[in-house]
Amino acid sequence: MIMENLLIVGITCSLLLTLLVIAKEKKSLSDRLFLSWLLVLTVHFSLLYVRYSGLHWEYPHFLGLDTSFGLLHIPILFLYIRSLTSEDRPKLAELVIHFTPFIIINIPLATDFYFLSAEDK
């Protein structure tokens, strides 16, 4: 019960911050990266709430979706901090290398688990 309440508070705070950043005019690259991290945080907290509240038994298609979202936080935060402290923009190859753990984990999950029927999960 405590974990579910903490997740609801986290979802609410991240949604509020998301709306504040969306409402900002003239968004810089760091604003867009911060916004993307807030969206990932909101989705991750929502999926964790589904798991901790037991809703994944009623809606089994959400089962396992939260396992790899933790791998997105660090690369996005790294790119956000880099955009604040550095003048140069990273190349696409530099961006992709930071997201390879997320991609490597999700390829087998997508082919073997995510698209299973609710009964098979």
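Q: Buried means under 20% relative accessible area. What percentage of the 121 residues of the protein chain count as buried?
A: This is a predicted model. The C-alpha trace of the chain spans about 50 × 30 × 20 Å along its principal axes. The share of its 121 residues that count as buried is 28%.

Q: How many helices and how many strands does the protein chain have?
A: Read from the N terminus, the elements of the chain run α-α-α-α-α-α. The totals are 0 strands and 6 helices.

Q: Among contacts between residues at least 6 apart in sequence, what percentage join residues at least 24 apart?
A: A contact here needs heavy atoms within 4.5 Å. Among the contacts in the chain that join residues at least 6 apart in sequence, the share joining residues at least 24 apart is 66%.

Q: How far apart are the end C-alpha atoms of helix α2?
A: Helix α2 covers residues 29-52, which is 24 residues.

Q: Which residue just after α2 takes a positive phi?
A: The phi angle in question is about 85°. The residue, just after the end of α2, is Gly54.

Q: Are α1 and α2 roughly parallel or roughly antiparallel to each other?
A: The axes of α1 and α2 come within 9 Å and cross at roughly 155°. An angle over 145 degrees counts as roughly antiparallel. The two helices are therefore roughly antiparallel.

Q: How many charged residues are in the contact of α1 with α2?
A: α1 passes α2 in a left-handed crossing. The α1 side of the contact includes Met3, Glu4, Leu7, Ile8 and Ile11, and the α2 side includes Asp31, Phe34, Leu35, Leu38 and Tyr52. By class, the residues are 17 nonpolar and 5 polar, and the number charged is 2.

Q: Is Asp31 buried or exposed?
A: Asp31 is in helix α2. Beyond its neighbours within four places in sequence, Asp31 is in contact with Val21, Lys24 and Lys26. The relative accessibility of Asp31 is 14%, so Asp31 counts as buried.

Q: Which residue has a positive phi although it is not a glycine?
A: The residue is found in the loop between α1 (2-23) and α2. With a phi of about 55°, the residue is Lys26.

Q: How far apart are the axes of α2 and helix α4?
A: Helix α4 covers residues 70-85 and packs against α2 at an angle of about 165°. The pair is therefore roughly antiparallel. The distance between the axes is 9 Å.

Q: How many nonpolar residues does the contact of α2 with α4 have?
A: α2 passes α4 in a left-handed crossing. On the α2 side the contact includes Leu33, Trp37 and Val40, and on the α4 side it includes Ile76, Leu77 and Tyr80. The contact has no charged residues and 6 polar ones, and its nonpolar residues number 12.

Q: Is Ile76 buried or exposed?
A: Ile76 belongs to helix α4. Apart from neighbours within four places in sequence, Ile76 is in contact with Leu33, Ser36, Trp37, Val40 and Phe99. The C-alpha atoms of Ile76 and Phe99 are separated by 8.7 Å, although the two residues are 23 apart along the chain. With a relative accessible area of 7%, Ile76 is buried.

Q: How far apart in space are Leu95 and Ile76, C-alpha to C-alpha?
A: Leu95 is found in helix α5 (residues 92-98) and is partly exposed, with a relative accessible area of 26%. Not counting residues up to four places away in sequence, Leu95 touches Leu79 and Pro90. Leu95 and Ile76 are 19 residues apart in sequence, and their C-alpha distance is 9.5 Å.

Q: What distance separates the C-alpha atoms of Phe113 and Gly64?
A: Phe113 is found in helix α6 (residues 100-114). Its relative accessibility is 22%, so Phe113 counts as partly exposed. Phe113 and Gly64 are 49 residues apart along the chain, and their C-alpha atoms are separated by 8.2 Å.

Definitions and conventions: Residues are numbered from 1 along each chain as its sequence is written. This is a predicted model: local features need pLDDT of at least 70, side-chain atom pairs count only at pLDDT 80 or more; totals for chains, interfaces and linings use all residues. Side-chain values use heavy atoms; hydrogens and water are left out. Helices (H or I, at least four residues) and strands (E, at least two) are DSSP runs, numbered from the N terminus. The expected span of a helix is 1.5 Å times one less than its number of residues. Axes are lines fitted to C-alpha atoms, for helices over the stretch in contact, and angles run from 0 to 180 degrees between N-to-C directions. Angles under 35 degrees count as roughly parallel, over 145 as roughly antiparallel, 65 to 115 as roughly perpendicular and the rest as oblique. A crossing is left-handed if the near helix is turned anticlockwise from the far one by less than a right angle, and right-handed if clockwise. Ala, Val, Leu, Ile, Met, Phe, Trp, Tyr, Cys and Pro count as nonpolar, Asp, Glu, Lys and Arg as charged, and the others, Gly among them, as polar. Buried means under 20% relative accessible area, exposed over 50%, partly exposed in between (1.4 Å probe, protein chains only).
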